Amino acid sequence: MRILFMGTSEFALPALAELITHKFEIIGVVTQPDRPSGRGKHLNPPPVKIAATAHNLPVYQPEKVRKPDFIRVLERLAPDVIVVAAFGQLLPQTVLDMPPCGTINLHPSLLPKYRGAAPIQWALINGETQTGVTLMLLNAGEDTGDIISTSSIRIRNEDNACTLTEQLAQLGANQLVRLLSEMPEGAPPPATPQNNAEATHAPRLTKEIGHIDWNQPATTIHNLVRGTAIWPGAYTFFRNNLRLKIVSCQPLSQTIAVPAGTLKIIEKRKLLVATADGTLQLLKIQPATKKIMEVSDFINGYQLQTDEQLLTPTSL
């Protein structure tokens with residue numbers, strides 16, 4: 001089959017790599033345009049473009065896939081199947097209908113749960129213990145297409161958005177290769193409609209979501225830290241509104257009889273925070289404009305005193 005691959009972020013890289021390794025015929029790779037990033041705001045290519053260029057694959061970077069001039073490009077390419085993984089643009093019906101074998105999307109959740117832009121992050125924030133990947137036939141809705149197959153994994157306590165993204169990306173890549181290896185030519189694979197009554201939403205994260213409320217239970221805050229690890233990070237404020245990002249932490253069942261957000265230094269190098277239910281042990285912290293540091297370095301560098309207070313959204 002003539003495969004057109006559409007993807008942009010790191011999540012799509014294992015799928016593209018597996019297609020290349022298994023010598024599928026990739027007629028082109030569609031990805032987002034180069035975007036400015038970093039302090040210098042220099043134009044940087046998306047990860048999928050870098051990988052595709054390294055394998056001498058044709059790369060297309062339309063600002064909008066739905067524009068007529070790019071639709072004509074796709075018509076000339078005449079793909080048998082389009083594979084989509086973390087592409088970042090909604091595809092119009094004219095594109096979805098183009099390949100005779102369908103447009104197959106790799107989505108990192110067990111649909112219909114967590115439809116939307118941030119399924120991995122919300123699964124962690126909500127404290128899920130299981131997730132997975134779904135291959136579906138893409139339609140014009142937001143992750144509402146018929147399900148071809150799913151694969152599930154257990155979410156470990158130590159997982160965060162970074163580690164879980166890596167696991168699901170490889171799981172989905174392997175599942176995709178199996179599907180394409182077994183697919184009959186000329187028609188889409190069999191698929192089952194989703195149960196819309198069981199659907200949940202996973203909207204794109206905002207910076208405000210990462211603001212820690214210490215009046216929440218320790219496990220809830222820990223899950224927020226895990227789920228926002230890629231962006232925006234879970235953060236709080238300290239002393240003269242110094243922004244602190246909590247990079248890693250561990251919930252403890254013990255309770256400290258002090259107001260939520262109160263810091264306690266124990267054994268000289270361990271730092272605990274009181275919450276509404278249980279205690280959170282902080283492990284790694286990143287003060288604004290500084291590098292990530294171990295808690296012991298934070299205690300020493302900022303001459304931290306026990307009983308200092310971290311600010312909650314209501315106390316700012």
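Predicted model: local features only at pLDDT ≥ 70, side-chain atom pairs only at ≥ 80, totals over all residues.

Modeller: Residues are numbered from 1 along each chain as its sequence is written, and side-chain values use heavy atoms, with hydrogens and water left out.

Colleague: How many helices and strands are in the protein chain?

Modeller: Helices (H or I, at least four residues) and strands (E, at least two) are DSSP runs, numbered from the N terminus. On that basis the protein chain has eight helices and 16 strands.

Colleague: Which residue stands opposite V30?

Modeller: Strand β2 covers residues 25-30 and pairs with β5 in the parallel sense, over two bridges. The residue in β5 opposite V30 is Y60.

Colleague: Which residue in β14 stands opposite K245?

Modeller: Strand β10 (residues 234-238) runs antiparallel to β11 (residues 242-252), joined by five bridges. There, Y235 faces K245 in β11. Eight bridges also join β11 to β14 (residues 279-287), again antiparallel. The residue in β14 opposite K245 is Q286.

Colleague: What lies over the face of Y235?

Modeller: A charge sits over a ring if NZ of Lys or CZ of Arg is within 6 Å of the ring centre and within 35 degrees of the ring normal. At 3.6 Å from the ring centre of Y235, the residue is R243.

Colleague: Which residues line the largest pocket closest to its centre?

Modeller: A pocket is an open set of points on a 1 Å grid over the protein atoms alone, where a 1.4 Å probe fits, with protein on both sides within 12 Å along at least five of seven lines; lining residues have an atom within 4 Å of a point. The largest holds about 1,400 Å³, a volume being the space filled by probe spheres set on the points. Of its 41 lining residues, the closest to the centre are S9, A86, G88, A117 and R204.

Colleague: Which elements give two or more residues to that lining?

Modeller: Both strands and a helix contribute to the lining of the largest pocket. They are β3 (35-37), β7 (103-107) and α5 (119-125).

How values were computed. Pairing = 2+ DSSP bridges.
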